[in-house]
Amino acid sequence: MTQEMQFKKIVAQYCKTEPEKITNDMRFREDLGFSSLDFMSFLGELEDTFDIELEEEDLVQILTVAEALEMMERLKAEA
Amino acid sequence: MLIRDILEESEKKYAEIKAVKWLKKKGIYERSYRELMKNVVKVRKGLLAEGFQGKHIALIGTSSVEWIESYLGIITGKNVAVPLDAGLPGEDLIDLINRSDSEALFLSPKNKALLEEVSVGCPKLKKIWMLQEEEPEGSDEKTVSLASLMAVSKNSDADADRPDPEDMATIIFTSGTTGKSKGVMLTQNNLATNVIAVNYTREPGTVMLSVLPIHHAFCLVMDWLKGFSLGATVCINDSLLHMVKNMGLFKPDVMLMVPLMLETIYKRLSAASPLIPKKMVAAKAFGGNLKIIFTGGAHLDPYYIDKFADYGIEVLEGYGMSECSPVISSNLPEDHKAGSIGRPLSNVEIAFEDGEILVKGSSVMKGYYKMPEETAETLRDGWLHTGDKGYLDEDGFLFINGRVKNLIILSNGENISPEEIENKLALGKLVGEVIVTGEDNGLTARIYPDQDVVAAKRMSEEKIHTELQAFLDQYNKNQPSYRQITGLVVRKNPFIRNSTKKIKRQDALIDEALPTT
């Protein structure tokens with residue numbers, strides 16, 4: 001499974017959209033119906049799954065799937 | 001009764017039991033009741049030695065052992081603690097520090113970026129103690145560490161007098177319906193009787209994991225003060241990112257949550273394979289010991305009570321508000337009814353006026369700080385008007401079925417005053433009229449664009465939407481998550497207004513051209 005698909009499978013646990021139908025331009029709140037806590041919990045899962053550490057201050061910048069994916073890949077590359 | 005009485009009793013009974021556990025750089029640290037109280041007394045004596053008696057002292061920070069020791073150091077002497085939401089923008093915090101007449105501040109190192117702004121904006125502040133061991137960078141006479149406050153009284157026996165039960169202990173800010181937050185004044189007796197009246201017991205050493213914001217009355221009184229009265233070990237969740245992981249780590253027996261948390265956890269639980277036994281899924285997700293979740297702050301769909309019962313967890317809903325210290329009624333392990341918010345506490349009297357729940361009793365606040373009009377409106381003849389409509393059933397359980405006041409209550413328990421946010425959004429150049437509504441568990445801004453701007457720039461519908469969304473994204477960046485706008489509706493027509501030209505809020509969802517008469 002690609003890293004991106006693994007990522008989208010985690011996204012799908014918090015919404016009613018199938019992983020294959022999640023596109024990168026989707027916004028977590030508006031398009032996928034994430035609550036603020038769904039979003040935090042999802043990011044916590046990203047930390048565990050991809051072995052990365054997120055800074056809470058950076059998270060306010062993330063609105064879309066592409067932005068979260070890009071952040072995860074960047075942190076993973078730096079780790 | 002005093003909070004100091006409760007704490008001193010616990011120190012005697014549970015001296016060697018762990019009072020607090022927390023995480024730091026992946027290690028678990030802990031403090032026993034004896035150690036905790038030693039630090040509380042050091043803070044209290046330090047404040048006295050620094051000349052703080054009968055003063056208001058603010059705290060800004062998320063949950064930490066230093067925060068709670070400072071808070072208890074303030075209220076076990078004769079001072080008044082003012083806990084503030086660390087997530088608020090600097091200008092709001094400055095306003096609250098000034099409006100509460102705070103003369104000193106405990107500040108978390110995570111919020112040190114506020115130091116300069118607060119020093120300039122709050123001229124009444126004589127001291128700022130950073131909640132840390134080491135001296136802060138560029139420290140001066142005014143800004144020092146908590147450790148140095150604790151050291152001030154090292155060689156002194158002088159301790160602060162016990163407060164009187166009717167002395168004010170704390171001011172807790174809550175959303176105001178006029179767009180200005182109100183400072184709820186709670187006395188020693190208000191807090192202490194609420195701790196006692198919530199009638200449940202656990203074995204000393206029972207583990208609680210505190211996941212709610214500590215500046216909220218529900219968390220402060222029911223996680224911390226109630227937990228300490230029971231001899232519980234209160235564990236600190238370091239971030240909402242790690243709530244589920246920390247449940248596995250600390251293995252709590254009891255937790256307090258807002259409905260939003262139950263909803264998120266349930267989504268995760270139900271995503272597990274149906275082939276795995278539910279008890280096993282629960283053990284992995286909750287650490288294996290979780291038996292009780294107390295929930296409050298917003299209405300919980302009773303659906304979740306049954307769903308969590310499948311995982312062996314009892315969800316008990318309660319009801320309260322900061323003005324009542326905060327619990328008014330609660331379901332209890334031995335005494336509960338699904339869909340209700342429990343029986344009123346033993347120190348509470350309930351009455352109804354046109355369906356609105358009125359409350360009287362030893363936990364009802366003294367009033368709103370320096371807001372006599374709002375106080376008179378809420379407290380009438382000793383009865384607190386809750387703004388909620390409800391009824392008592394034949395078994396004495398309380399139910400809620402509506403609201404009187406114009407507040408949006410989100411399932412994270414945050415009460416949002418729409419006017420407060422509308423005032424800020426109205427500053428947008430493209431915003432002609434705006435109304436904020438609570439929908440799908442978030443806030444939606446309904447905006448009628450300023451037609452002069454639209455015409456001058458010849459903007460298309462798509463362009464208007466993009467620009468308004470960009471404006472909201474910008475607004476959201478400086479706001480705590482519960483005050484962020486998650487939905488945008490661009491209106492084609494102005495809002496419907498009443499005869500005094502005020503927008504009719506109840507008709508905000510209707511978007512039709514006005515009949516031309």
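Mentor: Helices (H or I, at least four residues) and strands (E, at least two) are DSSP runs, numbered from the N terminus. This is a predicted model, where local features need pLDDT of at least 70, side-chain atom pairs count only at pLDDT 80 or more, and totals for chains, interfaces and linings use all residues. Residues are numbered from 1 along each chain as its sequence is written, and chains are lettered from A and ligands numbered from 1 in the order in which they are written.

Trainee: Thanks! Which elements make a β-α-β unit in chain B?
Mentor: Strand 10, helix 8 (residues 217-230) and strand 11 of chain B, and the unit is right-handed.

Trainee: How many bridges join strands 10 and 11 of chain B?
Mentor: Four, and the two strands run parallel. B:Val207 has B:Thr233 as its bridge partner in strand 11 of chain B.

Trainee: And what about strand 12 of chain B?
Mentor: Strand 12 (residues 254-257) of chain B pairs with strand 10 of chain B, parallel, over two bridges; DSSP must find at least two for strands to pair. There, B:Met208 is partnered by B:Val254.

Trainee: Which way do the residues of strand 10 of chain B point?
Mentor: B:Val207 and B:Leu209 point one way, B:Met208 and B:Ser210 the other, and all are buried (20 or more other C-beta atoms within 10 Å of a residue's own, C-beta atoms being placed from the backbone).

Trainee: New topic: how many helices and strands does chain B have?
Mentor: Chain B has 16 helices and 27 strands.

Key. Buried ≥ 20, exposed ≤ 12 C-beta atoms within 10 Å, placed from the backbone. Right-handed = clockwise from strand over helix to strand, strands pointing away.
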